[in-house]
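Hello,

I am handing over a structure for you to look through. Please open it first, then read my notes.

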Amino acid sequence: MTTAASLFAAVVILAPAAKAEPAQRIVSLNLCTDELALQLADRDKVVSVSFLANDPSLSTVAEQARGIFVNRGMLEQIVALKPDLVLAHRYASRSTTDGLRRLGYRVVEIESPQSIAATRQQIADVALAMGEVERGKALIATLDARLAALPMTAGRRPTAAIYQPNGYAFGRDSLADAILALAGFDNLAARDGVAGYARLSLESLIANPPDILVIEEGGGDQRSMAQQFLSHPALKDRFPPQARIEVPRRYWLCAGLSVAAAAELLARARVAQ
Amino acid sequence: MTRSFKPVWLALTALCLMLFIVSLLTGPAGLTLDLPFAAWRGDAAARLVLVELRLPRALLGLLVGSSLGLAGAALQGLFRNPLAEPGVIGVSGCAALGAVLVFYSGASLAMPMALPLGGIAGALVAIALLQLLALRDPRLATILLAGVALAALAGALTALALNLSPNPYAVVEIVFWLMGSLADRSLQHVALALPFMAVGWVLMLSGARSLEALTLGEDTAHSLGIGLRSLRLRVVVGAALAVGAGVAVSGAIGFVGLIVPHLLRPFFGHRPAPLLAASWLGGGILTLTADIVVRFLGGDTELRLGVATALVGAPFFFWLVLRGPRSDMRGGT
């Protein structure tokens with residue numbers, strides 16, 4: 001079943017290799033495909049972006065997305081746009097993408113890459129599907145150049161934990177872990193055995209603290225329990241402002257140039273310390 | 001009469017103290033017996049964990065639980081309804097709604113005191129409505145059914161408010177408000193809720209004698225010179241203060257106010273006066289226990305407190321319904 005599904009996905013992704021024609025009416029259903037679509041295609045070929053694309057706190061392409069028709073991933077809405085390529089995330093809006101396939105639309109799905117290599121591969125795959133192979137290569141080259149230009153690590157690597165609202169942390173085998181390593185930090189959560197994205201209790205963070213706590217920018221907004229949690233007195237006591245680095249939330253959401261942006265921000269903060 | 005209760009009081013107090021200490025010693029991954037010693041020796045991290053994380057958690061378990069236990073006993077006495085419980089009759093749900101509106105609108109950021117006040121306002125609306133209804137139609141089923149409707153409405157409005165909130169985390173936090181949790185609360189939460197709870201306890205406990213007279217029926221109570229209006233006011237406002245402030249910092253924890261008075265009633269000869277104080281202690285005991293259990297059962301993501309209390313409370317509720325109303329229950333608290 002799983003093999004069949006992945007085979008099918010592979011076929012879908014590889015099929016457009018035959019026709020090199022760039023897609024003319026691209027509809028994106030997901031925040032991360034919004035970013036890829038706007039970076040790889042001419043703006044006028046992107047017919048619609050997801051409803052999150054305009055939110056500057058989540059989207060890295062909010063500027064470019066302004067004015068483009070916004071969809072909420074509803075099947076009817078998408079069909080009315082007459083797309084020749086629909087970009088979606090494999091684990092979101094499943095009923096819509098299933099429906100689009102049944103109706104014969106070309107759907108290309110992305111995943112959430114958990115390494116830099118997988119990020120490059122995904123950019124190449126989507127560029128191929130869009131018929132924009134050259135732009136894909138250029139985007140990967142930009143990413144690699146920015147990563148190569150990161151300040152080098154000298155001496156001891158400080159430890160850091162990326163602490164997310166609700167007490168979740170990125171552990172090993174995650175893209176954020178790779179970003180931390182590129183920026184010259186040791187990921188405390190990975191060392192403590194956290195894999196992927198898992199809960200790291202406030203207690204263990206306080207009993208065994210990293211040098212640096214990487215938190216979401218604007219964690220001062222306490223309008224949810226999840227964020228209020230980041231200003232718990234115990235956490236404040238243990239991690240004064242100079243032991244915190246704030247990274248915008250949008251940098252952690254998708255695999256693309258934001259990987260470089262996050263690494264640059266973290267590396268600069270490390271050097272400044 | 002009072003003397004015969006003494007062993008029960010001693011046992012309840014000892015149990016409560018013991019659980020409070022166990023709660024302080026329980027971490028997210030089981031018991032940590034060495035923590036107090038490390039803190040004593042001056043280990044800053046251990047001290048921080050003990051004072052800023054464990055202490056508020058244990059205190060809130062005790063205080064919120066006491067409030068729910070006491071409010072359950074008082075409401076059962078006032079409505080003369082053995083199934084009246086803050087969660088079942090929608091008082092906790094309305095308190096959660098009040099707190100949600102204040103919290104997610106940002107009002108509690110501008111003024112922290114607004115959070116308990118929001119919860120209290122929600123609880124007060126619910127209890128006052130039920131009391132007005134009870135005066136018109138005192139049958140058992142009427143109050144219960146109205147309470148169930150109120151609870152459903154409050155739950156739906158809470159979900160609606162969280163859905164409409166622009167905050168990306170709001171929607172998933174409905175679980176906290178419906179099921180309750182004491183994880184990662186701070187001493188600030190204790191300081192916010194405690195004053196209101198304390199006033200609520202005093203008000204409810206001051207109604208103990210009148211509730212006792214009420215067990216003989218309204219007419220008899222009246223002829224004994226008991227001011228029913230004053231009693232109603234004290235229990236309604238007292239329960240709203242205690243439950244509202246508690247729910248505002250811990251979410252709605254169900255069934256504590258149902259189980260505790262029922263378990264303790266036989267020990268006190270079905271007399272409301274000692275039962276009120278005993279339910280105060282008993283609520284703390286049950287909630288502390290549940291909060292210790294969720295830390296052991298939770299695993300990676302901690303179980304919500306309301307899950308543990310409902311797993312015990314809901315079958316208990318069934319049992320009460322199956323057993324049917326008994327004469328000693330209908331009249332007494």
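This is a predicted model: local features need pLDDT of at least 70, side-chain atom pairs count only at pLDDT 80 or more; totals for chains, interfaces and linings use all residues.

Residues are numbered from 1 along each chain as its sequence is written, while chains are lettered from A and ligands numbered from 1 in the order in which they are written.

Chain A has 14 helices and 11 strands (DSSP runs numbered from the N terminus: H or I of at least four residues for helices, E of at least two for strands). Its radius of gyration, taken over C-alpha atoms, is 20 Å, close to the 19 Å from the globule rule for 273 residues, so chain A is as compact as a globular protein of that length. That rule is 2.2 Å times the number of residues to the power 0.38. Of the 273 residues in chain A, 46% are buried (20 or more other C-beta atoms within 10 Å of the residue's own, with C-beta atoms placed from the backbone).

Now to chain B. The axes of helix α13 (residues 256-264) of chain B and helix α15 (residues 305-323) of chain B come within 9 Å and cross at roughly 60°; these axes are lines fitted to C-alpha atoms over the stretch in contact, with angles from 0 to 180 degrees between N-to-C directions.

Best wishes

Methods: A residue is buried if 20 or more other C-beta atoms lie within 10 Å of its own, exposed if 12 or fewer, and partly exposed in between; C-beta atoms are placed from the backbone.
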